[in-house]
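Here is a short briefing to read beside the coordinates.

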Amino acid sequence: MMPQHHLPADIERTSMKIIAGELAQRGLDIPPENAPVVKRVIHTTADFDYAQTLHFTPGAVAAGIAAMHAGATIITDTNMALAGITKPGLAKLGGQAACYMDPAVAAAAKQAGTTRAVAAMHKAAAEYPGAVLAVGNAPTALLTIAEKIENGLRPALVIGVPVGFVNVVESKERLFSVCTAHGVPAIVAMGRKGGSNVAAAICNALVYSAAGMLDPTDRGWK
C-alpha cells in the first residue's frame with residue numbers, strides 16, 4: 001500500500017478536509033467560532049463524539065484567543081498536557097505554559113490531606129489568577145476551580161476535559177454551571193471522555209488561531 005501523503009502538512013490538511021466532510025455527512029453544524037477547536041480535538045482523537053459533547057459558554061473561544069493574544073499563561077493539571085502544547089506558537093504570542101505537578105505541590109497536598117491536582121490549582125490561582133486553566137485528568141481540579149470561581153477567581157478561560165469514571169461527569173457539569181453563572185469562559189467535554197491530549201489540542205487550537213498558524217505551513221511545516 002502506498003501512503004496517500006508523505007509530508008506532515010499535507011497529511012494534516014487532508015485530515016482536516018476529511019473531518020469537515022464527515023461532520024457535514026453526519027449533519028453536524030459546528031458554529032464557525034468553535035470549529036477550529038472541535039476539528040482539532042477530532043483530529044487528535046479520531047472521535048466525532050466531541051462534535052456534540054464539547055460545550056462552550058458564550059464567547060469562550062473568542063475569550064481564549066484574546067487571552068493568547070495577551071500572552072496568557074496556561075496552567076495544566078498534568079505534565080503530559082503541558083508537553084503537548086505548542087511552544088513555538090506560545091513563544092510567538094509571548095505566552096507560556098506551566099504545570100505544578102512538582103515535589104513542592106506533592107508535599108503541600110500531603111500536608112493538607114488532598115490531591116496534588118487540588119494543591120496545584122490553589123497554587124495556580126494564587127500565582128496566575130487570570131490564567132487559562134487546562135484540566136485533562138483530574139476532576140478534583142475542576143471542583144477546586146469551581147469553588148474558587150464562586151469565591152471570586154476569574155480565570156481567562158477554563159478547559160475542563162478530564163477522562164474517567166469517578167466524579168468526572170459530575171465535576172464537568174458543576175464547573176460548566178458555575179462558569180455560566182459567573183460569566184467565566186469555559187470549554188468542557190461533557191461525559192466521560194477527555195484526557196490530557198484533548199486539553200492540549202484545545203489549547204493548540206486557540207494558540208494557532210491567535211497566532212495565525214491554523215494552516216501547518218504557517219508553523220514552518222512542509
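Buried means under 20% relative accessible area, exposed over 50%, and partly exposed in between, with a 1.4 Å probe and protein chains only. By that scale, Cys99 is buried, with a relative accessible area of 13%. This is a predicted model, in which local features need pLDDT of at least 70 and side-chain atom pairs count only at pLDDT 80 or more, while totals for chains, interfaces and linings use all residues. Residues are numbered from 1 along each chain as its sequence is written, and side-chain values use heavy atoms, with hydrogens and water left out.

- Helices (H or I, at least four residues) and strands (E, at least two) are DSSP runs, numbered from the N terminus.
- The expected span of a helix is 1.5 Å times one less than its number of residues.
- Helix α9 covers residues 139-150, and its 12 residues should span 16 Å at 1.5 Å a residue; the end C-alpha atoms are 17 Å apart, which agrees.
- Helix α8 also has 12 residues, and it reaches 16 Å from first C-alpha to last, close to the 16 Å expected.
- On α9, the buried residues are Pro139, Ala141, Leu142, Thr144, Ile145, Ala146 and Ile149.
- The cover over those α9 residues includes α8 (116-127), β4 (132-135), β5 (157-160) and α10 (168-182), where contact means heavy atoms within 4.5 Å.
- On α8, the buried residues are Ala117, Val118, Ala119, Ala120, Met121, Ala124 and Ala125, and they pack against β2 (73-76), α7 (103-112), β4 and α9.
- After α9 comes Gly152, with a positive phi near 115°.

**Val158 in strand β5**

- Is Val158 buried or exposed? Val158, found in strand β5, is buried, with a relative accessible area of 0%.
- Leaving aside neighbours within four places in sequence, Val158 is in contact with Leu133, Ile145, Ile149, Leu175, Cys179, Val184, Pro185, Ala186 and Ile187.

- The buried residues of α2 are Ala35, Val37, Val38, Arg40, Val41 and Ile42.
- These residues pack against α1, α3 (50-53), β1 (54-56), α4 (60-69) and α11 (196-211).
- His43 lies in α2 and is partly exposed, with a relative accessible area of 30%.
- Not counting residues up to four places away in sequence, His43 touches Glu12, Ser15, Met16 and Ile19.
- Asp47 sits in the loop between α2 and α3 and is buried at 18% relative accessible area; leaving out residues up to four places away in sequence, Asp47 touches Ile42 and Lys193.

- Most residues other than glycine have a negative phi.
- Ala46, which follows α2, has a positive phi near 60°; Ala46 is exposed, with a relative accessible area of 65%.
- Asn167, in the loop between β5 and α10, has a positive phi of about 65° and counts as partly exposed at 43% relative accessibility.

**The largest pocket**

- On a 1 Å grid over the protein atoms alone, a pocket is an open set of points where a 1.4 Å probe fits, with protein on both sides within 12 Å along at least five of seven lines; lining residues have an atom within 4 Å of a point.
- Grid points are joined across faces, edges and corners, and a volume is the space filled by probe spheres set on the points.
- The largest pocket has a volume of about 190 Å³.
- Its lining is made up of Glu12, Arg13, Met16, Pro36, Lys39, Arg40, Leu214, Asp215 and Pro216.
- Helices α1 (8-25) and α2 (35-45) each supply at least two lining residues.
- By class, the lining has 4 nonpolar, no polar and 5 charged residues, where Ala, Val, Leu, Ile, Met, Phe, Trp, Tyr, Cys and Pro count as nonpolar, Asp, Glu, Lys and Arg as charged, and the others, Gly among them, as polar.

**Cysteines**

- How many disulfides does a search of the whole structure find? The search finds 0 disulfides, a disulfide being a pair of cysteine sulfur atoms within 2.5 Å.
- The sulfur of Cys99 is 12 Å from the closest cysteine sulfur, in Cys203, so it is too far for a bond.
- For Cys179, the closest cysteine sulfur is also in Cys203, at 15 Å, too far for a bond; Cys179 counts as buried at 1% relative accessibility.
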